[in-house]
2 protein chains.
Amino acid sequence: MRADLAEGILFTDQYQLAMAQLYFAEGIHDRRAHFDYSFRSYPDYGRHQAGYCVYAGLEWLLGWMETARFGGAELAALRSQTTSRGAPRFRTDFLEWLEAEGHFGAVELHSVAEGRVVHPLVPLVTATGPLAMTQILETSLLNHLNYQTLIATKASRVAEAARGSVVLEFGMRRGAATGVNAGARAALIGGARFTSNTGISHVLGVDPKGTHAHSMVQAFIARGGTELEAFRAFARVYPDECVLLVDTVDTLESGVPNAITVFEELARAGHEPLGIRLDSGDLAYLAIQAARRLDAAGFTDTQIVLSNSLDELNIWQILSQIEEEADRYGVDASRLAARLVYGVGTRLITSHGRGALDGVYKLVAVEDDAGLVVPTMKLSDTPGKQPIPGSKELWRIYDARGNATADAVAMAGEQLEGIELRLHHPHRAGLSRTLSPGEVSEVERLRDVVWAGGGRAEASVSLDLIRARRVADLTRLDPGVRRIIGPHIYHVSITEEVRRVRDDLRAGIAGG
Amino acid sequence: MRADLAEGILFTDQYQLAMAQLYFAEGIHDRRAHFDYSFRSYPDYGRHQAGYCVYAGLEWLLGWMETARFGGAELAALRSQTTSRGAPRFRTDFLEWLEAEGHFGAVELHSVAEGRVVHPLVPLVTATGPLAMTQILETSLLNHLNYQTLIATKASRVAEAARGSVVLEFGMRRGAATGVNAGARAALIGGARFTSNTGISHVLGVDPKGTHAHSMVQAFIARGGTELEAFRAFARVYPDECVLLVDTVDTLESGVPNAITVFEELARAGHEPLGIRLDSGDLAYLAIQAARRLDAAGFTDTQIVLSNSLDELNIWQILSQIEEEADRYGVDASRLAARLVYGVGTRLITSHGRGALDGVYKLVAVEDDAGLVVPTMKLSDTPGKQPIPGSKELWRIYDARGNATADAVAMAGEQLEGIELRLHHPHRAGLSRTLSPGEVSEVERLRDVVWAGGGRAEASVSLDLIRARRVADLTRLDPGVRRIIGPHIYHVSITEEVRRVRDDLRAGIAGG
């Protein structure tokens, strides 16, 4: 009940409802409006920056839209609101309209597919529909897409730093309440292979991962036992999934030797030991030393799971340090790197260094009485913050090698295939680029209808398919753009026609 | 259904369940264990640092514990888990035990009261109970307390920077999915007066706040209307709650004059205009200029709501700038400061600069067969990370002026009143302080039983009471500790007896 009221259609900012009532009072609540969702800039984490984002959150947004309704509890809540003078804030006729029409049945969403690589300043989603309901949709849409895109992006960076090794999402204890479930999902989309979050793993059909904490070893020691006894107990219960945390007492003096003893016992009993986990200290150094001892004992393939404040930069540094130092201890750096697994917690689920994506949802057009689309914009914005007015389409242009070379915003109905393309910087005048047909191998329309007629336009998409989209897009992205520090800037552009519409409107408002 | 499975008892890390099964297999799942919750350091936001935290999340944690159960769906999920060899990961006898005993009926929680000012390195909560269930509790406890304490702390800093002015929580569009509901609650505990989040406002019994966005004005302009017509429409629907957003076209040339026109019309009709909102540009400068124009028109008390990337530092800077510049324009700085209201969004809900509290939940004791409490600790930690072993109590010591001067951890049963107190730094040897009875006005036991016998020890506490606790604690906190930049370090201490127990144990483990 509590969660229902706070997570249904009232999961919105109050001003959306205040505006909806105003539109109703003015008789313009059913006027068709166009809102664009875009983010303004790639996350800048301070010492490192993203050169692309991974779009996530759409499936859950659509799931929310399917059930969000002004039911009895919601209407009673709104009816209870009063002004400072004690008068009802919401009028009966408006509440009756909400009860009958306060759903997303007449809204249409055009969107990029979830999991795709995306870039700033271009409309990833356009919501079209009655002004009142497209307005009420704003907060939930932003909430779903901003956070999951932020986390999928961070996960993709972590996965790139890990160079193909398995990344585990471990962050639920430090993330934002139940938001960690969305965060775990986004991490899985962005590049984490598994999560420690049991509940969401089952919802998504992914195997949850986790072995044991220091407390397990401590519980044995407190009872007069030893670390070795604790490890043996673990191996008895989990002989085929035996990952032992080796830093409760002393990593190299106690943990690793005890783990090797248990691994030898497991091997003799016909089981394959899975690995060890290091959760403190100099992880690169300890990984080398642990690998050396494991190798010497014949366990050359057991995993070495690293955790403790990891993020893309720490992983990158650990791998660099291993490359420099491993040799000195007779350990092969590449073979060690290949057996590493990364448990990434707080810094992934909170997007360390940049805790929010600056996505916005802006009114770009309202249809007039004749159904003509009238572009609109907020003039006081700095040019970089001004959304592109009007009804538009989003395209991705691939160069002769098949790599994505630009995302281009065109007006709806514009044809981009087989012609010379003149592309402009979205807001810096004078910056343009011309692509001849010979320089372009493919022009891809990036958005489709994902919501229409009160429901999803296509059946719900599996996590695996969403993950595959990211992988496919990354293979067609310039490696410079994928760099985790100082990436190349990907080209985001508008067509000649979009520029004309925007400049005309700007002049019109400024002059009018 | 989806949310149920991911937010009930399976809202936990997989390794808690793996360890619980191990404890069950070893026959020690019912052994009473003691786990302490503490955080390691105040949030450090980079350019500024917290000198205290506001403890939040407890009520929601208890609410979760009331309903979290291994029901049919949860058991079916666990039954479906298999090892890499295809064997069931969880055994039937363990699942049967979970079904019968997998609840928090035998767990007891001692905790500080929600809303209290708290400090690092001391046990804010101790969970005592069967090893398996206190272990399973870990993730959810950390999740609830870490995030809400983080946000309540940030909100308290924002409220202090705002010097008594109203702070509104505006962050749901950029926060972490449904976690924003917990974040809004924590912000309200920490010092935000209201939130824009409609649903959670109704759950908590707080009036949701919000007026209109730029889109409302744009919708009028797109239809051939004007900003003034949009403002008039708003005033017609909300004559007694009229806050107008003045920066859609041009703040000082259009927005403010139009707002004044509408305010004059409202005043003539017997209504009191509420205020304007500024959401872009140099907020300090614009607030001065807007105040000047509003004053000249006789609207000397209407609010000026500021929003756009605010946090404690920006608010502090805005007020400093107003103090320096207002005079030059004939505006009284203090009167202007008193009419300001702050809408704080992204940077509050994500705790900008420090996105997580480093709270941990550590096994500190296990009872032996005779019921004796055996302290335990993880030796490999650096001293600052080592929790204090054993069964303990937490006290706050007030100096002769009645100000809090130290929080002290004592062993359970130690008496601290009316004696000379010798207090040690928690981990730095040689740092100690002695307080004579004459220097101490009060010694307060900070923790009480909050959960026992399968339910709350006391009835659920209202938000107002929780908020009042923070306010009361702040009045007894040294102003230097409350500074938002470079605060004084509050004394966190352990008693002579705690030091002895810890040193003995350390020597015992190291030697044994």
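## Two copies, one axis

Let's start with how the chains relate in this predicted model.

For the complex, the predictor reports an ipTM of 0.97 and a pTM of 0.97.

## The interface seen from chain B

On the chain B side, 91 residues are in contact with 90 residues of chain A. Several elements of chain B supply at least two residues each to this side, among them helix 1 (2-7), helix 2 (14-26), helix 6, helix 7 (179-190) and strand 12 (359-367). Which element gives the most to the side of chain B that touches chain A? Helix 2 of chain B does, with nine residues. Sorted by class, this side of chain B holds 41 nonpolar, 35 polar and 15 charged residues.

Is Glu7(B) buried or exposed? With 21 other C-beta atoms within 10 Å, Glu7(B) counts as buried, because the cut-off for a buried residue is 20 or more. Within its own chain, the C-alpha of Glu7(B) is 23 Å from that of Thr128(B), a residue 121 positions away in sequence.

## Chain A as a whole

Turning to chain A, its secondary structure comes to 18 helices and 21 strands. Along the principal axes, the C-alpha atoms of chain A fill a box of roughly 80 × 65 × 35 Å. Of its 512 residues, 57% count as buried. Among contacts in chain A with a separation of 6 or more, 74% come from residues 24 or more positions apart.

As for confidence, chain A averages a pLDDT of 94, and 97% of its residues score at least 70. Where pLDDT is low, the predicted coordinates should not be read in detail.

## A covered helix and an exposed residue

Helix 3 of chain A, residues 58-67, is mostly covered, with seven of its 10 residues buried. Those buried residues are Leu58(A), Glu59(A), Trp60(A), Leu61(A), Leu62(A), Trp64(A) and Met65(A). What lies over them in chain A includes strand 3 (108-112), helix 6 (131-161), helix 7 (179-190), strand 19 (447-452) and strand 20 (455-456).

Now look at Asp504(A), which belongs to helix 18 of chain A, residues 496-511. Asp504(A) has 12 C-beta neighbours inside 10 Å and so counts as exposed. The C-alpha of Asp504(A) is separated by 64 Å from that of Gly275(A), 229 residues apart along the chain.

## Two helix pairs to compare

Two packed helices are described by the angle between their axes and the distance between the axes. In chain A, the axes of helix 7 and helix 16 (residues 463-475) come within 8 Å and cross at roughly 50°. These two helices of chain A are therefore oblique to each other. Helix 7 of chain A brings Leu188(A), Ile189(A) and Gly190(A) to the contact, while helix 16 of chain A brings Leu463(A), Ile466(A), Arg467(A) and Arg470(A). Together the residues of this contact divide into four nonpolar, one polar and two charged.

In chain B, helix 6 (residues 131-161) and helix 13 (residues 312-325) also have axes that come within 8 Å, with a crossing of roughly 0°. What does that angle say about how helix 6 and helix 13 of chain B lie to each other? They are roughly parallel, because angles under 35 degrees count that way. Here Arg157(B), Val158(B) and Ala161(B) of helix 6 meet Glu312(B), Ile315(B) and Trp316(B) of helix 13. By class, the residues of this contact in chain B are four nonpolar, no polar and two charged.

Note on methods: Residues are numbered from 1 along each chain as its sequence is written. Chains are lettered from A and ligands numbered from 1 in the order in which they are written. This is a predicted model: local features need pLDDT of at least 70, side-chain atom pairs count only at pLDDT 80 or more; totals for chains, interfaces and linings use all residues. Axes are lines fitted to C-alpha atoms, for helices over the stretch in contact, and angles run from 0 to 180 degrees between N-to-C directions. Helices (H or I, at least four residues) and strands (E, at least two) are DSSP runs, numbered from the N terminus. Angles under 35 degrees count as roughly parallel, over 145 as roughly antiparallel, 65 to 115 as roughly perpendicular and the rest as oblique. Two residues are in contact if their C-beta atoms, placed from the backbone, lie within 7 Å. Ala, Val, Leu, Ile, Met, Phe, Trp, Tyr, Cys and Pro count as nonpolar, Asp, Glu, Lys and Arg as charged, and the others, Gly among them, as polar. pLDDT is the predictor's confidence in each residue, from 0 to 100.
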